[in-house]
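Okay, thanks for coming, everyone. Let me put the model up and walk you through a few spots.

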Amino acid sequence: MSGSSPARPRVNGPLRVGVVGTGFMGETHVAAWAAEGIRAVIHDVDSGRAATLAERYGAQVAATREELLGTVDVVDVCTPTHLHAEVAIAAARAGCHVICEKPMARTLADAEAMLTAARDAGVRLFVAHVVRFFPEYVAARAAVLN
């Protein structure tokens with residue numbers, strides 16, 4: 001199955017975002033979602049770290065990844081790189097769109113499996129590589145193109 005619509009219909013109301021991984025990047029992403037007014041659902045293997053982060057940003061903690069996948073529209077993957085494919089594929093199969101921190105995967109095979117899972121589930125897969133929008137990178141690109 002392919003297409004641009006999610007495998008499960010989105011519930012009317014605010015976007016429901018889950019963040020998996022609460023290390024440095026996870027905290028950065030949870031803070032960014034909170035700044036946008038989105039109360040994330042977070043999960044980490046370190047439940048104490050997840051609870052501390054949730055308290056700081058008004059997030060909700062999911063005790064398991066499966067619990068998180070059942071309650072969100074989008075999964076923001078902020079785990080260590082070697083876990084990106086596992087989490088992204090599970091999220092896609094659960095009908096969630098995926099934002100994955102960079103690098104997307106450690107191997108081409110993992111990246112292709114992630115793309116296939118998203119395509120088969122009819123969800124979108126994004127790589128969170130925003131530095132290309134930073135002014136210095138935009139200027140560098142413009143200089144190269146001119």
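Predicted model: local features only at pLDDT ≥ 70, side-chain atom pairs only at ≥ 80, totals over all residues.

Residues are numbered from 1 along each chain as its sequence is written, and side-chain values use heavy atoms, with hydrogens and water left out.

So, helix α2, residues 47–57. Helices here are DSSP runs of H or I, at least four residues, and strands are runs of E, at least two, numbered from the N terminus. A50, L53 and A54 are buried in α2, where buried means under 20% relative accessible area with a 1.4 Å probe, protein chains only. They sit on the same side of α2, because they cover an arc of only 100° around the axis, taken from the directions from the helix axis to the C-beta atoms. The buried residues of α2 pack against α1 (24–35), β2 and β3 (60–61), with contact meaning heavy atoms within 4.5 Å.

What about the ends? D46 caps the N-terminal end, with a side-chain oxygen 3.2 Å from the backbone nitrogen of G48. Just after α2, G58 has a positive phi of about 70°.

Now, is H43 buried or exposed? Buried, at a relative accessible area of 10%. H43 belongs to strand β2, residues 41–43. Leaving out residues up to four places away in sequence, H43 touches, among others, V19, T22, A62 and L68.

How values were computed: Buried < 20%, exposed > 50% of the residue type's maximum accessible area, 1.4 Å probe, protein only. Polar contact = N/O pair within 3.5 Å; in protein donor to acceptor, adjacent residues only side chain to side chain.
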